[in-house]
Structures are given as C-alpha cells and as structure tokens.
Amino acid sequence: MTKVGLRIDVDTFRGTREGVPRLLETLNRYHIRASFFFSVGPDNMGRHLWRLVKPQFLWKMLRSNAASLYGWDILLAGTAWPGKEIGPANAQIIRDTATHHETGLHAWDHHAWQAHSGNWDDFTLINDIARGITALEALTGRPVTCSAVAGWRADQRVVHAKETFHLRYNSDCRGTSLFRPVLDSGQTGTPQIPVTLPTWDEVVGQEVKAEDFNTWLLSRISMSEGIPVYTIHAEVEGIAWHRNFEDLLIRAAEAGITFCPLGDLLPTSPEVLPPGKIVRGKIAGREGWLGCQQQVSDTR
C-alpha cells in the first residue's frame with residue numbers, strides 16, 4: 001500500500017463556493033481525508049493577468065486553456081471590481097471542511113502574497129500571516145496548526161516569520177522529503193512537508209495530454225522514493241476537471257494507493273527529521289521563482 005499526502009489549495013471565491021463542496025462530497029464518498037489550505041481575504045487573483053507580458057506565463061495560460069479551465073470570473077477577479085472577501089461569505093463551507101479534514105492557512109490575499117511577499121520586510125510578512133490565521137480561526141472556531149504559502153513563494157525569511165506562530169508543520173516549498181528548516185540560531189524550526197509531485201497546470205500541454213494525465217501521475221507516484229505529496233486546486237479538480245479527479249481516486253485505490261492529510265505524514269518525534277533550508281529556485285512548467293528544498297549537512 002502506497003501512502004500519498006493530498007493537499008488541496010483553495011485560491012479564490014469561486015473555488016471556495018463551488019469547488020470545495022464538490023470535493024468534500026467526493027472525498028466523503030471514497031472515505032478520504034485531505035489537507036485543505038484556504039485563502040480567506042479578498043479575491044484579487046485577476047490581477048495576475050499583467051503577467052501575460054511574460055512569455056513563460058502566457059505559454060502556461062495558453063497550453064492549459066486557462067479561460068475554459070478556470071472561467072473568466074476567476075481570471076478577472078479583483079480587476080474591474082474590488083476583490084470579494086472569500087472567508088465571511090463562505091464561512092459555513094470552511095467550517096464544514098474543518099469538521100472533517102485538516103484545515104490550514106493558504107493566504108490572506110493570494111495575489112498579494114504571490115506577487116509581493118518576496119519583497120516584504122519581516123514585519124509585513126508576520127502581520128500578513130497573522131491576519132490570515134486570525135481570520136481562519138474566527139471562521140472555524142479552531143486553532144490553525146498548519147499552513148502552505150500561496151504559489152510556493154517562500155524562502156528562509158518566510159521560515160523565520162512563521163516560527164512566530166508555533167504551527168505543527170508548514171508546506172511551503174517543493175522538494176523530495178520531510179525536513180526541519182535550519183534557523184539562524186543553528187537550531188531547527190517547524191517541520192516542512194514539501195510537495196513532491198507536479199501539479200496539473202505544470203505538465204498538461206507540455207509533458208502530457210490532459211486525457212493522459214492520470215496515467216502519467218499514477219506512474220510518477222509508483223516511481224516515487226519516500227512518501228509522495230500531491231497538490232490539487234479547488235478551482236481545477238473541484239470544478240472543470242472534477243470528473244478526472246474522481247477517476248484518479250478510483251484508479252489509485254485499485255493500484256493500492258491511499259491518500260491522507262499531510263499531518264498524518266509527520267513522525268511521532270519530528271526531531272528525527274533531517275535538516276534543510278528553503279531557497280529560491282525554479283521548476284519546469286511554473287513561471288517565476290518558488291521555494292525549493294535544499295539539503296544541508298546534519299551537524300546534530
């Protein structure tokens with residue numbers, strides 16, 4: 001039996017309103033629990049359209065047929081009109097999720113974090129995270145114990161900012177295995193659970209056709225070393241590509257693959273995890289920099 005951590009990012013108002021309930025119903029039907037990471041502030045995702053001037057981002061939008069995949073309401077959100085507040089208008093959906101699944105913070109404002117956090121000072125980073133955690137805790141009535149930054153925009157500064165909140169774990173980068181990030185003090189911080197597998201939008205139209213994606217992904221899982229971690233998005237697998245995601249769950253079960261929340265991957269004693277760092281890097285299929293796991297020598 002192969003265990004795979006299932007992370008579900010919820011970036012937008014529509015993803016929360018339409019995608020999450022559909023995913024909850026499907027996951028319940030197949031008796032699967034996952035980790036949902038919510039954006040809870042304004043939906044300004046449409047402001048990413050300025051990135052169309054960048055060839056890599058434009059190619060990604062074209063090969064993934066983004067207009068039909070996401071819908072124009074998502075692609076234009078926060079441009080011609082102020083971004084709608086996601087959390088308060090979808091509070092019951094978020095509470096229902098927290099009742100049955102591990103639930104953590106994705107972002108206060110997904111667009112702002114992805115576009116600007118790399119240039120924020122430490123005070124702004126901490127305040128932005130605090131704002132999101134406070135809002136999510138008010139919505140669910142539960143303490144927030146985990147987080148996953150928007151767009152994997154993280155580095156060692158983000159690692160240090162998150163130490164303020166004493167979370168159980170973070171999932172802020174791409175990598176190969178669980179680790180504890182090394183702090184400036186030389187000690188290790190809150191465990192990181194990197195995403196190890198490519199996402200739908202990173203490979204469809206580039207490495208694989210949409211109709212062949214599930215076969216391709218299951219093959220990658222079977223070849224993975226260690227415990228794979230996979231990310232889906234409420235706006236993709238919860239709406240336009242939901243039938244394909246359900247097919248993935250069926251085929252995975254037949255192949256002896258089980259999905260679980262990321263928190264279930266943590267060892268009983270996280271201190272045994274190897275040290276590492278999060279550095280800025282690039283991966284195929286994704287425009288711009290993102291946090292990547294870097295191994296360091298274990299001096300313990």
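On a 1 Å grid over the protein atoms alone, a pocket is an open set of points with protein on both sides within 12 Å along at least five of seven lines, whereas a cavity is a set of points where a 1.4 Å probe fits but cannot get out; lining residues have an atom within 4 Å of a point. The largest pocket here holds about 210 Å³ of space. This is a predicted model, in which local features need pLDDT of at least 70 and side-chain atom pairs count only at pLDDT 80 or more, while totals for chains, interfaces and linings use all residues. Residues are numbered from 1 along each chain as its sequence is written, and side-chain values use heavy atoms, with hydrogens and water left out.

**Pocket and cavities**

- For the volumes, grid points are joined across faces, edges and corners, and the space counted is that filled by probe spheres set on the points.
- Of the 13 residues that line the largest pocket, R174, T196, P198, E202 and I283 lie nearest its centre.
- The lining of the largest pocket comprises 7 nonpolar, 2 polar and 4 charged residues (Ala, Val, Leu, Ile, Met, Phe, Trp, Tyr, Cys and Pro count as nonpolar, Asp, Glu, Lys and Arg as charged, and the others, Gly among them, as polar).
- There are 5 cavities of 30 Å³ or more in the structure, and the second largest cavity contains about 70 Å³ of space.
- Residues lining the second largest cavity include W108, W113, D128 and K162.
- Two or more residues of the lining of the second largest cavity come from each of β3 (102-107) and α8 (122-140); helices (H or I, at least four residues) and strands (E, at least two) are DSSP runs, numbered from the N terminus.
- Strand β3 gives the largest share of that lining, 3 residues.

**Strand β2 and its surroundings**

- Strand β1 (residues 2-10) pairs with β2 in the parallel sense over 4 bridges (two strands pair if DSSP finds at least two bridges between them), and I8 has F36 as its bridge partner in β2.
- In β2, 5 of its 5 residues are buried (buried means under 20% relative accessible area, exposed over 50%, partly exposed in between, with a 1.4 Å probe and protein chains only).
- In a regular strand the side chains alternate between the two faces of the sheet.
- Both faces of β2 are covered, with S35, F37 and S39 buried on one side and F36 and F38 on the other.
- F36 counts as buried because its relative accessibility is 0%, and F38 counts as buried because its value is also 0%.
- M45, in the loop between β2 (35-39) and α2 (55-63), is buried because its relative accessible area is 16%.
- M45 and Q114 are 69 residues apart along the chain, and their C-alpha atoms are separated by 9.7 Å.

**Aromatic rings**

- Rings of Phe, Tyr and Trp (its six-membered ring) pair if their centres lie within 6.5 Å; planes under 30 degrees apart count as stacked, over 60 as edge-to-face and the rest as tilted.
- The count by this rule is 4 aromatic pairs.
- F36 and F38 form a stacked pair, at 6.2 Å centre to centre with 15° between the planes.
- K84 lies over the face of F13, at 4.1 Å from the ring centre (a charge sits over a ring if NZ of Lys or CZ of Arg is within 6 Å of the ring centre and within 35 degrees of the ring normal).
- R280 lies over the face of W289, at 4.0 Å from the ring centre.

**An open sheet**

- Three strands form an open sheet in the order β6-β9-β10, with mixed pairing.
- β6 (180-181) and β10 (290-295) each have a single partner strand, so one side of each is left without a neighbour in the sheet.
- Strand β9 (residues 275-281) and β10 run antiparallel, joined by 6 bridges, and G281 has L290 as its bridge partner in β10.
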